[in-house]
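Please read it alongside the coordinates.

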Amino acid sequence: MGKIKFLQCRECKKEYAPTFKYICEECFGPLDVCYDFPSVNKDSFSNREHTYWRYHELLPIESKSNIVSIGAGMTPLIRAEKLGKSLGLNNLYIKNDSVNPTFSFKDRPAGVAVSKAKEFGLSAVGCASTGNLASATAAHAAKGDFPCYIFAPSDIEHAKITQALSYGANFISVDGTYDDANRIAAQIGDSKGIGIVNINMRSYYVEGSKTLAYEVAEQLGWKVPDQLIVPVGSGAMLNAICKGFEELESVSLLNNVSNMHMIAAQPHGCAPIVDAFKKHLSEVTPVEAPDTIAKSLAIGDPGDGQYVLRRLKQYNGFAEESNNKEILDAILLLAKTEGIFTEPAGGVSVAVLKKMVDEGKIDKNDHTVCYVTGNGLKTTEVMMDVLSKPQVMQADVGKILALVR
Ligand SMILES: *Cc1c(COP(=O)(O)O)cnc(C)c1O
Ligand SMILES: [Zn+2]
């Protein structure tokens with residue numbers, strides 16, 4: 001027997017053998033991976049490779065030979081003194097996950113799911129994507145020698161399509177929303193036995209994102225932050241970050257995890273979890289037609305929505321939204337203070353961080369970690385409205401000299 005004890009239904013707690021399975025037969029609840037962790041201590045990880053596979057004994061791959069790695073993870077945790085000063089925070093950190101190999105945090109869940117597909121001996125992989133998961137899955141599929149099928153709404157950014165195609169993926173561009181693409185991917189995955197990383201591989205997929213908790217804890221010297229701001233689409237990442245901190249407490253690497261506060265950030269135009277939170281509901285009402293520049297968060301019917309609401313309650317958190325203008329302002333603020341260029345999803349995090357400080361929900365001395373999950377080079381088209389193109393000048397030093405102070 002390996003380190004995975006069983007899959008367990010999040011709702012009715014029924015246990016299942018850890019196979020290619022993701023939904024409870026009794027109640028249709030999602031299945032989570034439960035482990036028998038080996039004993040670890042702080043030194044276990046200190047001299048390891050600089051990727052999230054440094055935590056391999058806490059991840060759901062039984063044999064290291066099945067790991068498909070493109071070197072993702074162990075991204076910088078920046079002490080954001082300038083941004084902190086402009087917002088009024090003394091202890092602000094940015095987890096800059098925009099610098100992963102495919103330029104978003106999705107390399108974490110996709111890499112774990114593709115590795116598990118290899119362990120299961122599946123013949124092909126794929127995903128339903130709002131943009132970033134397409135490239136993360138396609139790149140890992142290329143490295144792991146899998147054919148790859150991407151299902152995505154047709155209106156996602158050009159760079160994200162070009163990038164995924166370059167890794168050799170079959171790209172199915174769906175005339176509809178993410179939820180339409182997701183439904184089609186689910187049916188095709190089941191009928192063809194394809195490992196759709198975020199659908200029928202979801203139990204394993206979400207395990208990759210918990211490394212966003214492990215790394216932050218290690219980078220802070222094995223401490224728990226007071227406040228965490230997490231951008232939310234399906235809600236899988238926020239839920240996984242909570243699971244990650246809890247697991248570190250269970251192996252005695254952290255204390256007082258219950259004191260942290262989780263803040264969920266969504267864009268206006270697709271903020272079903274924020275709406276439910278503000279109305280004190282325990283279920284999410286889907287948004288039919290998402291409308292936001294933060295396309296990677298444009299999931300109208302979030303799979304983990306109700307679990308995010310539970311996590312916010314558990315961790316005394318909040319949920320807040322930001323509109324397109326606030327997102328663009330936040331992208332520029334982060335770029336001009338910390339030299340980090342993010343896509344709108346990262347702008348949503350920073351804009352919501354600012355609101356939380358302005359509303360007094362974050363104390364100026366709180367150790368605050370803001371997750372920046374995607375790269376601005378993937379979405380340059382959104383910046384054109386707020387930046388002016390440089391005027392083309394004659395190649396004449398005399399004329400150009402006048403432009404420089
Ligand atoms: C997918 C994505 C998210 C949201 O993650 P979920 O697990 O769907 O909540 C956040 N930021 C970026 C850049 C993404 O691509
Ligand atoms: Zn169940």
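1. Asn-132 has a relative accessibility of 4%, so this residue counts as buried, the cut-off being under 20%. Note that the model is a predicted one. Asn-132 sits in helix H4, which spans residues 132-144. Beyond its neighbours within four places in sequence, Asn-132 is in contact with Ser-104, Lys-106, Lys-160, Ser-296, Glu-343 and Lys-378.

2. Which residues does UniProt list under "binding site"? The unreviewed entry gives Asn-132 and Thr-373. These two are spread over 242 residues of sequence, yet they cluster in space, with a largest C-alpha distance of 9.8 Å.

3. Thr-373 lies in the loop between strand S13 (368-372) and helix H14 (397-401). With a relative accessible area of 6%, Thr-373 is buried. Leaving aside neighbours within four places in sequence, the contacts of Thr-373 are Asp-97, Ser-98, Phe-103, Ser-104, Phe-105, Pro-231, Met-237 and Ala-345.

4. Lys-106 carries the UniProt feature "modified residue: N6-(pyridoxal phosphate)lysine", again from an unreviewed entry. Its position is in the loop between strand S5 (92-96) and helix H3 (107-120). Is Lys-106 buried or exposed? At a relative accessible area of 13%, Lys-106 is buried. Setting aside neighbours within four places in sequence, Lys-106 is in contact with Asn-132, Leu-133, Ala-136 and Tyr-205.

5. Ligand 1 has 16 residues around it, of which Lys-106, Asn-132, Ser-234, Gly-235 and Thr-373 come nearest. A polar backbone atom of Gly-235 is 2.8 Å from an oxygen atom of ligand 1. For Ala-236, a backbone N or O atom lies 3.5 Å from an oxygen atom of ligand 1. On the side of Thr-373, an N or O atom in the side chain is 2.7 Å from a nitrogen atom of ligand 1.

6. The unreviewed UniProt entry also annotates residues 69-374 as "domain: Tryptophan synthase beta chain-like PALP". This span is 45% helix and 15% strand, and its end C-alpha atoms lie 19 Å apart.

7. Helix H4, the helix that holds Asn-132, lies across S6, strand S7 (148-153) and S8, and runs at about 175° to S6. These strands belong to an open sheet of four strands, ordered S8-S7-S6-S9, with parallel pairing. Strand S8 (170-174) and strand S9 (195-196) are the edge strands, each pairing on one side only. Strand S6 (residues 125-128) runs parallel to S9 and is joined to it by two bridges. Within that pair, Val-125 has Gly-195 in S9 as its bridge partner.

8. Another open sheet has three strands in the order S2-S1-S3, and its pairing is antiparallel. Its edge strands, strand S2 (15-16) and strand S3 (31-35), each pair on one side only. Helix H7 (residues 202-209) packs on this sheet and touches S1 and S3, its direction making about 60° with that of S3. Tyr-205, a contact of Lys-106, falls within the residue range of H7.

9. How many bridges join S1 to S3? There are five, and the two strands run antiparallel. Strand S1 (residues 4-9) also pairs with S2 in the antiparallel sense, over two bridges. Leu-7 takes part on both sides: its bridge partner in S2 is Tyr-16, and it stands opposite Val-33 in S3.

10. S3 is an edge strand, but it is mostly covered, as five of its five residues are buried. Leu-31, Val-33 and Tyr-35 point one way from S3, while Asp-32 and Cys-34 point the other way; all are buried.

11. Lys-210 is in the loop between H7 and helix H8 (211-219). Lys-210 has 0% relative accessibility, so it counts as buried under the 20% cut-off. Apart from neighbours within four places in sequence, Lys-210 is in contact with Tyr-35, Phe-37, Leu-58, Leu-59, Ala-240, Lys-243, Gly-244 and Glu-247. Among them, Tyr-35 is one of the buried residues of S3.

Terms used. Residues are numbered from 1 along each chain as its sequence is written. Chains are lettered from A and ligands numbered from 1 in the order in which they are written. This is a predicted model: local features need pLDDT of at least 70, side-chain atom pairs count only at pLDDT 80 or more; totals for chains, interfaces and linings use all residues. Side-chain values use heavy atoms; hydrogens and water are left out. Two strands pair if DSSP finds at least two bridges between them. Contact means heavy atoms within 4.5 Å. Axes are lines fitted to C-alpha atoms, for helices over the stretch in contact, and angles run from 0 to 180 degrees between N-to-C directions. UniProt positions are given in the numbering used here, feature names are shortened, and annotations may be inferred rather than shown by experiment. Buried means under 20% relative accessible area, exposed over 50%, partly exposed in between (1.4 Å probe, protein chains only). A residue is near a molecule or strand if one of its heavy atoms lies within 4 Å of it. A polar contact is a pair of N or O atoms within 3.5 Å; within protein, one must be able to donate a hydrogen and the other to accept it, and residues adjacent in sequence count only if both atoms are side-chain atoms.
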